[in-house]
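Q: Please walk me through this model, one feature at a time.

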Amino acid sequence: MPYAIPRPAVQPLSQILPDEAVLMMGAGPVPIPQAVAHANSLVINHLGSTMAQVIDQVKKMARYVFQTESPYILGVAGPGSAAMEMSVANLVEAGDRVLCLVNGYFSGRLAEMARRAGADVTECPVPLGECATPALVAQWLDQVQPRVLTLVQGETSNTTWNRHLPAIARLASDRGCLVIVDAVCTLSTMPLEMDAWGIDAVITGGQKGLSSIPGVSLVALSHRAFERILARRAPTVQWCLDAKLANAFWNEGKYHYTAPTSGVLALHEALRLVCEETLERRFARHRACSTSLQAGIEALGLALFVQGSARLNSVVGIQVPEAVNADAVRLAMTQRHRVEISGSFGLPILRIGQMGEQSRAHNLFRTLHALGSSLKDCGATVDLPGGMSALEASLATHHAAL
Ligand SMILES: *Cc1c(COP(=O)(O)O)cnc(C)c1O
């Protein structure tokens, strides 16, 4: 008697995945180093002395990367958004006033999460392509008197950098307001000093700046933040994201849920490579690669989306020339050149990631060539040799940082 639901006909992965992998140069996930890929292929027990040693090192390395002495480094099985939700759900209680700086899609997601946590949310809108200024934020802080402030360091969706983060965090922190910072795309690509800047929760994912795999993320909480959690009137609704339960695993070796051991091992290797490179050298490499790519894009004859000092280096936004179909350009890049970049959320821009392994000279040449050549095929007028030569010239001046 055959089953009512018949057996499906499927292809093995070997027929779906190309022999030559596509180079992922979009807004994440990003290519991973071999050590990370190998670690991700292992499964170990989530409890016991081996895992304890791994967790201990992950926390030590994360403290360096987050620049914090806090013991509250917590992992979460989930995407960057789960780390965002873990921060918001634990630090926000129903009825709390929360101020959210919104300059794009991801900062707006933090506001939405705070609303779902029952907060009385005030959104401080920031004009598209601009960063929030300390003067503006001071005004809103005084007017709203929030218990929690949320913002992103880099708004991946439209490539804006909140460059005044240190001053803004200080303003909030001095007023006793907790500061939640989403650093999913920026962590380890540019400076972020959790303790020195007075930040209470730093959120990161695996698949962007850290060049690890998607699905395992980290949150760092300050002492002040953890005290606020211990003093909650009601327990955190989301059991899996409960910071107290997560802390029991991450700091006391007690069972919470079965940790994603492969992903934690991958994260261990990604963090180890950051430590080996050092933050100073890693930031310099990202700056050199991103600014050289930007110089190459402009020399192609294209305009960058964000002007001046609000421009993010971790993800580069490019204005699509009028009469050119951005999706057709991306399709040509993938099919003919095997390079993938990102479109955007409704904006007429293309985005190229400069996170972790994406910031390597050989990847820049391949990507800029694929972009210029595909734009040409789609009817745009671009100076391809000019762009390539500007990239080469800029990289040469930054040679020591590569
Ligand atoms: C990618 C990203 C997120 C979301 O991460 P997921 O892993 O997709 O959940 C959040 N914030 C920023 C700034 C991001 O770049």
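A: Start with Asp142, which is partly exposed at a relative accessible area of 43%. Buried means under 20% relative accessible area, exposed over 50%, and partly exposed in between (1.4 Å probe, protein chains only). This is a predicted model, where local features need pLDDT of at least 70, side-chain atom pairs count only at pLDDT 80 or more, and totals for chains, interfaces and linings use all residues. Residues are numbered from 1 along each chain as its sequence is written, and side-chain values use heavy atoms, with hydrogens and water left out.

Q: Which residue meets Asp142 in a salt bridge?

A: A salt bridge is a side-chain nitrogen of Lys or Arg within 4 Å of a carboxyl oxygen of Asp or Glu. Here the partner of Asp142 is Arg175, at 2.8 Å, N to O. Asp142 sits in helix α6 (residues 134-144) and Arg175 in the loop between α7 (165-174) and β8 (178-182), so the pair ties together parts 33 residues apart in sequence. Helices (H or I, at least four residues) and strands (E, at least two) are DSSP runs, numbered from the N terminus. Arg175 is partly exposed, at 38%.

Q: How many salt bridges does the structure hold?

A: The structure holds 17. Another of them joins Asp200 and Arg224, at 2.7 Å, N to O. That pair links distant parts of the chain, 24 residues apart: Asp200 is in the loop between α8 (194-197) and β9 (201-204), Arg224 in helix α9 (residues 223-230). Asp200 counts as buried because its relative accessibility is 3%. Arg224 is partly exposed, at 30%.

Q: Are Arg285 and Glu277 buried or exposed?

A: Both are buried. They form a salt bridge, with the closest N and O atoms 2.6 Å apart. Salt bridges can also join up into a network, as with Glu112, Arg115, Arg116 and Glu123.

Q: What does the side chain of Asn90 reach?

A: Read this one through polar contacts: pairs of N or O atoms within 3.5 Å. Within protein, one must be able to donate a hydrogen and the other to accept it, and residues adjacent in sequence count only if both atoms are side-chain atoms. The Asn90 side chain reaches the backbone oxygen of Leu241 at 2.8 Å. A polar contact of 2.8 Å also joins the side chains of Asn90 and Thr236. Asn90 lies in helix α4 and is buried, at 1% relative accessibility.

Q: How many residues surround the ligand?

A: The shell rests on a distance rule: a residue is near a molecule or strand if one of its heavy atoms lies within 4 Å of it. Here 13 residues surround the ligand, the closest being Ser81, Thr156, Asp182, Gln207 and Lys208. Helix α4 gives the largest share, three residues. Both α4 (80-91) and α5 (105-116) supply at least two.

Q: How does the shell divide into nonpolar, polar and charged?

A: Ala, Val, Leu, Ile, Met, Phe, Trp, Tyr, Cys and Pro count as nonpolar, Asp, Glu, Lys and Arg as charged, and the others, Gly among them, as polar. The shell has five nonpolar, five polar and three charged residues.

Q: Where do polar side-chain atoms lie relative to an oxygen atom of the ligand?

A: For Ser81, the distance is 2.5 Å. For Thr156, a side-chain N or O atom is 2.3 Å from a ligand oxygen. For Lys208, the distance from a polar side-chain atom to a ligand oxygen is 2.6 Å.
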